Amino acid sequence: MAIKDRQRLNDHYSQKARSQGYPARSVYKLAELDQGGRLFKPGDKVLDLGAAPGSWALYAAQKVGLSGLVLGVDLNPLAAVYPPPIRFMAANVLESPETLAKLKAEYPDGFNAALSDMAPKTTGRKDVDQARSLDLVKGAWEWAQELVRPGGLFLFKVFQSEEANQFIETLTPSFNRVKRLKPKATRTRSQEIFILFEGLKAIG
Ligand SMILES: C[S@@+](CC[C@H](N)C(=O)[O-])C[C@H]1O[C@@H](n2cnc3c(N)ncnc32)[C@H](O)[C@@H]1O
């Protein structure tokens, strides 16, 4: 796709997001990944890692409703203080074992889903950016392992690399199903891909 056409498509998604009350165009990636409503049920608890500015949280909140919970975690605050079922905690997913321990105690039955749309600040060096993206996914998996209940799902974004493929392979035996997805709302040339793991197996 030509740069101009890609820019036009990005502008289209950004404008559409604003007009529909979402702070970022990333909502259309999650909507596509959700394939018309298969990821979340009313009452679900969703952990949203890298939640700012809040589009995914708003999308998931509509699906889980007031009987559910969307717990957003990010280094940065959300675009606004959103009402329940959204709750927000500021934390660095890579460096907050105490927050993770607190959440484990607070939600002993765990979450139905862990999402990670976390992205590193890109440097322009492909190998560095890929390694940082994978570090974030590994951090998200630390949280998901502790907080997602059996049967739950883990959906994450990662920059494609051989190391990322290897990591995906190591996770595969822990779940019933895995899918690699590249939503249309993702920039065509972007290295990012989404991995959906479903049906977390119980340990032991
Ligand atoms: C692409 S944005 C997420 C957009 C969000 N899903 C939405 O729909 O509004 C990536 C986010 O990852 C967050 N992030 C990056 N590294 C992080 C870390 N170590 N801990 C927590 N959040 C992190 C960034 O602050 C940024 O807000």
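Predicted model: local features only at pLDDT ≥ 70, side-chain atom pairs only at ≥ 80, totals over all residues.

Trainee: Fine. Which residues come nearest to the ligand?

Mentor: G50, A52, S55, W56 and D117 do. They belong to a set of 21 residues around the ligand.

Trainee: Which elements give two or more residues to that shell?

Mentor: Helix α3, residues 55-64, and strand β2, residues 69-74.

Trainee: And how does the shell divide into nonpolar, polar and charged?

Mentor: There are 13 nonpolar residues, 6 polar ones and 2 charged ones.

Trainee: Which of its residues point which way?

Mentor: K45, L47 and L49 point one way, while V46 and D48 point the other. All of them are buried. In a regular strand, side chains alternate between the two faces of the sheet.

Trainee: What does β1 pair with?

Mentor: Two strands. It is joined to β2 by 5 bridges, and those two run parallel. It is joined to β4, residues 111-116, by 4 bridges, again parallel.

Trainee: Take V46. What are its bridge partners?

Mentor: In β2 the partner is V70. In β4 the partner is A113.

Trainee: And what handedness does the unit of β1, α3 and β2 have?

Mentor: Those three make a right-handed β-α-β unit.

Trainee: What does A114 touch, away from its sequence neighbours?

Mentor: L47 and L49, then A140, W143, A144, L147, V148 and F154.

Trainee: A140 keeps turning up. Where is it?

Mentor: A140 sits in helix α5.

Trainee: Why does A140 count as buried?

Mentor: Because A140 has 26 C-beta neighbours inside 10 Å, and 20 or more is the cut-off for buried.

Trainee: Which residues does A140 contact, leaving out those up to four places away in sequence?

Mentor: L49, V93, A114, S116, M118 and F156. Take V93: it is 47 residues from A140 in sequence, yet 6.8 Å away C-alpha to C-alpha.

Trainee: Now the backbone. Which peptide bonds are cis?

Mentor: I can give you two. The bond from A52 to P53 is cis, with omega near 5 degrees. P53 is in the loop between β1 and α3. The bond from P84 to P85 is also cis, with omega near 15 degrees. P85 is in the loop between β2 and β3, residues 86-90. Most peptide bonds are trans.

Trainee: What about phi at Q35?

Mentor: Positive, about 45 degrees, although Q35 is not a glycine. Most residues other than glycine have a negative phi.

Trainee: Where does Q35 lie?

Mentor: In the loop between α2 and β1.

Trainee: And why does Q35 count as exposed?

Mentor: Because Q35 has 10 C-beta neighbours inside 10 Å, and 12 or fewer makes a residue exposed.

Trainee: Which residues of α2 are buried?

Mentor: V27, Y28, K29, L30 and L33.

Technical notes. Residues numbered from 1 in each chain as written. Near = placed C-beta within 6 Å. Nonpolar A, V, L, I, M, F, W, Y, C, P; charged D, E, K, R; others polar. Pairing = 2+ DSSP bridges. Right-handed = clockwise from strand over helix to strand, strands pointing away. Contact = placed C-beta atoms within 7 Å.
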